Amino acid sequence: MLKALIFDVDGTLAETEPLHRESFNLAFARHGLPFSWDEALYADLLQVTGGKERLRHYLARYRPPGIDGIGPLLPEIYAAKTRAYGELVAQGRLVARPGVLRLVAEAKAAGLRLAIATTSHPDNVAALIAALFPAEDRPFDLVAAGDAVADKKPAPAIYALALDRLGIAAAEAVAFEDSANGLKAARGAGLPVVATPSRSLPADDLGEASAVVSDLGEPGCPHRLLAGEPWPHGMVSVAALRTWHGRWAAACPAGGMA
């Protein structure tokens with residue numbers, strides 16, 4: 001039986017990566033650092049999950065000018081980035097991806113539990129939830145984020161933590177992801193995955209997803225089917241998910257890899 005939907009955040013609930021890149025660049029400028037990240041570079045850096053980890057990877061791999069003695073400043077730089085992101089989100093710069101608000105509302109009304117499993121900083125997640133959902137109707141029962149686990153995606157730890165805190169088995173939930181690393185994490189935890197590729201990451205790395213669609217779809221604005229079975233009316237709905245999940249569970253009764 002389907003009991004819960006577990007969502008990634010960045011690129012899945014909203015196209016956040018342009019704001020994350022802008023926030024990093026604002027933090028670099030505020031600290032007088034003589035470098036910034038353009039879109040092409042940031043697309044490469046997105047192969048590393050976690051903002052702090054991404055920053056450390058950039059400094060180690062690219063060795064930009066002006067990094068002598070920067071090590072002790074990294075926590076301060078990342079904190080400035082997180083504040084900048086919150087400020088940009090508060091300006092109304094984020095919009096939910098198609099179908100997200102609809103599906104979340106449907107799932108809540110149907111009594112399904114809703115959770116988040118992400119490597120993003122908890123403050124970033126809180127800012128996004130505040131921007132997308134009314135204060136009196138925050139839908140998520142659980143937020144597993146940031147450094148809640150030591151091993152970031154593609155390790156399955158964050159999904160294993162979410163399942164444990166929800167008190168359900170992997171076979172009782174569906175994960176929603178946009179990236180190859182997120183897909184590997186969810187699949188590693190035994191979850192079926194509906195993948196909705198974001199603009200910032202290549203869709204051709206999502207072949208192991210149970211279903212791949214351009215987005216979750218809206219009435220009168222169906223998604224594009226990229227891989228897997230067609231969804232009724234081009235929308236990922238609770239009713240369609242239950243049917244789809246039932247077929248997946250029958251094929252993988254132990255909740256294993258399909």
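Axes here are lines fitted to C-alpha atoms, for helices over the stretch in contact, and angles run from 0 to 180 degrees between N-to-C directions. Helices are DSSP runs (H or I, at least four residues), numbered from the N terminus.

The model is predicted: local features need pLDDT of at least 70, side-chain atom pairs count only at pLDDT 80 or more, and totals for chains, interfaces and linings use all residues. Residues are numbered from 1 along each chain as its sequence is written, and side-chain values use heavy atoms, with hydrogens and water left out.

**Stop 1: the H3 and H4 pair**

Select residues 51-62, helix H3, and residues 74-90, helix H4. Their axes come within 10 Å and cross at roughly 125°. That makes H3 oblique to H4 (under 35 degrees is roughly parallel, over 145 roughly antiparallel, 65 to 115 roughly perpendicular, the rest oblique). The crossing is right-handed, meaning that the near helix is turned clockwise from the far one by less than a right angle.

Now show side chains. On H3, pick Gly 51, Lys 52, Leu 55, Arg 56 and Leu 59. They meet Leu 74, Ile 77 and Tyr 78 of H4 (contact is heavy atoms within 4.5 Å). This contact has five nonpolar, one polar and two charged residues. Ala, Val, Leu, Ile, Met, Phe, Trp, Tyr, Cys and Pro count as nonpolar, Asp, Glu, Lys and Arg as charged, and the others, Gly among them, as polar.

**Stop 2: the largest pocket**

A pocket, on a 1 Å grid over the protein atoms alone, is an open set of points with protein on both sides within 12 Å along at least five of seven lines; a cavity is a set where a 1.4 Å probe fits but cannot get out; lining residues have an atom within 4 Å of a point.

Select Glu 17, Leu 46, Thr 49, Arg 54 and Thr 119, which lie nearest the centre of the largest pocket. Its lining has 29 residues. H1 (17-30), H3, H4 and H8 (180-188) each give two or more of them. The lining has seven nonpolar, twelve polar and ten charged residues.

**Stop 3: the second largest pocket**

Select Glu 17, Pro 18, Arg 21, Glu 39, Tyr 42, Ala 43, Leu 46 and Ser 200. Four are nonpolar, one is polar and three are charged.

**Stop 4: the largest cavity**

Which residues line the largest cavity? Select Phe 7, Thr 12, Arg 97, Pro 98, Val 100, Phe 176, Thr 196, Asp 215 and Leu 216. Five are nonpolar, two polar and two charged.
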